[in-house]
Amino acid sequence: MSRKPDLSGKHTRQIWRPSGREKEIACDLCGAAGARALAIENGYCLRRCECGLIYVSPQPDDEDLKQFYAQYFPDESGDLWAEIMRRNFDADAEHLFELTPVPGDALDIGCGHGSFLSRLKEKGWKVSGLDLSPEAIARAQSSGIDARQEMFRPGLFKPESFDLVTAWYVLEHVREPMVFLKEIARILRPGGVLGLRVPNMDFGKLFLGLKKVPALGSLLSLAGIDSDGKSSHFNLLDPPAHLYGFAPDTLRSYLKKLRFEGIEVIPSKPVDVGSRGTRLVKDALFSSTALLHRASDGRLNLAPAINAFARKHE
């Protein structure tokens with residue numbers, strides 16, 4: 001009998017602190033330097049630029065990030081990820097089939113075991129995936145997916161190779177989001193579609209205030225809501241796991257700079273992980289913020305996570 005995935009969300013990972021090798025950076029979106037300090041998390045400084053982008057500066061170097069990701073939730077299997085993301089992937093695929101009704105070539109950056117790509121493959125898409133985990137790549141390949149253990153980087157693919165490129169919960173991890181998105185634009189065919197999912201900083205900033213409430217953790221624990229400090233629930237970015245924080249407006253700014261068209265930023269369904277109390281709260285938050293988004297004609301988007309879809313200009 002196969003073991004049922006543990007959806008409790010309880011993981012133990014090494015407490016991470018800056019090494020001293022970090023370097024100051026300018027804003028990736030507008031290029032301005034000297035953004036004001038917003039908070040300190042895990043010993044790292046979070047900054048907020050006048051353009052709205054939130055980012056870590058000084059940033060850890062490549063060696064620090066390599067060591068960090070070697071121990072980042074090592075017990076979380078691809079089976080668990082597929083289960084907790086099931087509702088998201090179902091909704092993502094349904095929406096993308098509406099945007100791209102004719103199957104073509106698709107790339108998923110950070111494909112894991114290929115759970116999302118399998119949905120496309122069933123509809124006749126030719127699918128490819130990238131991931132850094134050799135175990136994940138082996139599993140994806142066993143499902144007939146053209147998956148490679150590679151870091152997405154400029155020049156990896158020929159220009160105009162894909163009709164669809166997706167990156168679910170990836171952009172917040174990369175060192176240079178503008179370079180990352182520019183390369184996606186290069187490899188998309190004219191009219192091709194981009195799909196992204198990131199945590200929403202318009203929601204996340206509420207937690208900066210909540211952290212100041214005395215005994216909040218104890219109150220949430222009584223309600224059955226995770227608050228043990230071992231997850232990112234009460235951090236805005238939780239560096240070095242995340243280096244950037246995006247809100248709907250900053251995502252639109254990135255995509256407009258790269259001449260994407262038909263940009264839509266919508267609430268994303270919650271990841272189905274955590275205690276029962278946590279998951280109930282997540283579902284209630286999604287329902288209420290999705291309703292607010294519709295009622296405001298898209299002007300207010302306070303969901304904990306957001307999806308962005310856009311089309312490369314013809």
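Me: Glu41 first. Buried or exposed?
Reply: This is a predicted model. At 2% relative accessibility, Glu41 counts as buried, because buried means under 20%.

Me: Where is Glu41 found?
Reply: Glu41 is part of strand 1.

Me: And what lies 2.6 Å from a polar atom of the Glu41 side chain?
Reply: The backbone nitrogen of Leu236 lies at that distance from the Glu41 side chain.

Me: How many bridges hold strand 3 and strand 9?
Reply: Two bridges, with strand 3 covering residues 54-56 and the pairing antiparallel. Ile54 has Gly245 of strand 9 as its bridge partner.

Me: Back to strand 1. What is the phi of Asn42?
Reply: Phi of Asn42 is about 55°, a positive value, although Asn42 is not a glycine. Asn42 lies in the loop between strand 1 and strand 2 (44-48). At 21% relative accessibility, Asn42 counts as partly exposed.

Me: Which residue other than glycine has a positive phi near 65°?
Reply: Arg259 has that value. Arg259 is found in the loop between helix 10 (248-257) and strand 10 (260-267). At 54% relative accessibility, Arg259 counts as exposed. As background, most residues other than glycine have a negative phi, and most peptide bonds are trans.

Me: On peptide bonds, what joins Ser57 and Pro58?
Reply: A cis peptide bond, with omega about 5°. Pro58 sits in the loop between strand 3 and helix 1. A cis peptide bond also joins Pro239 and Pro240, with omega about 5°. Pro240 is in the loop between helix 9 (216-222) and strand 9.

Me: Helix 1, then. Which residues of it are buried?
Reply: Helix 1 runs over residues 62-70, and its buried residues are Asp64, Leu65 and Phe68. They cover an arc of only 95° around the axis, which puts them on the same side of helix 1.

Me: What does the face turned away from the buried side carry?
Reply: That face of helix 1 carries the exposed residues Asp62, Lys66 and Ala70.

Me: Which residue caps the N-terminal end of helix 1?
Reply: Asp61 does, with a side-chain oxygen 3.3 Å from the backbone nitrogen of Glu63. Glu63 is itself in helix 1. At 40% relative accessibility, Glu63 counts as partly exposed.

Me: New topic, strand 4. How many of its residues are buried?
Reply: Five of its five residues, 105-109, are buried.

Me: Which residue stands opposite Leu107 in strand 5?
Reply: Ser128 does. Strand 4 and strand 5 (residues 126-131) pair in the parallel sense over five bridges. With helix 4 (residues 115-122), the two strands make a right-handed β-α-β unit.

Me: And opposite Leu107 in strand 7?
Reply: Val165 stands there. Strand 4 and strand 7 are parallel too, over three bridges.

Me: How many aromatic pairs does the structure hold?
Reply: Eight. In one of them, the rings of Trp168 and Phe309 have their centres 6.3 Å apart and their planes at 65°, so the pair is edge-to-face. Trp168 lies in strand 7 (residues 162-168) and Phe309 in strand 11 (residues 305-312), so the pair ties together parts that are 141 residues apart in sequence. Trp168 counts as buried at 6% relative accessibility, and Phe309 counts as buried at 1%.

Me: How are the rings of Phe246 and Tyr254 placed?
Reply: Their centres are 5.8 Å apart and their planes are at 70°, so Phe246 and Tyr254 are edge-to-face. Phe246 and Tyr254 are both buried. Together with Tyr55 and Tyr244, they form one aromatic cluster.

Me: What sits over the ring of Tyr169?
Reply: The charged end of Arg197, 5.4 Å from the ring centre.

Terms used
Residues are numbered from 1 along each chain as its sequence is written. This is a predicted model: local features need pLDDT of at least 70, side-chain atom pairs count only at pLDDT 80 or more; totals for chains, interfaces and linings use all residues. Side-chain values use heavy atoms; hydrogens and water are left out. Rings of Phe, Tyr and Trp (its six-membered ring) pair if their centres lie within 6.5 Å; planes under 30 degrees apart count as stacked, over 60 as edge-to-face and the rest as tilted. Helices (H or I, at least four residues) and strands (E, at least two) are DSSP runs, numbered from the N terminus. Buried means under 20% relative accessible area, exposed over 50%, partly exposed in between (1.4 Å probe, protein chains only). A charge sits over a ring if NZ of Lys or CZ of Arg is within 6 Å of the ring centre and within 35 degrees of the ring normal. The arc is that of the directions from the helix axis to the C-beta atoms. A polar contact is a pair of N or O atoms within 3.5 Å; within protein, one must be able to donate a hydrogen and the other to accept it, and residues adjacent in sequence count only if both atoms are side-chain atoms. Two strands pair if DSSP finds at least two bridges between them. A crossover is right-handed if, with the strands pointing away from the viewer, the path from the first strand over the helix to the second runs clockwise.
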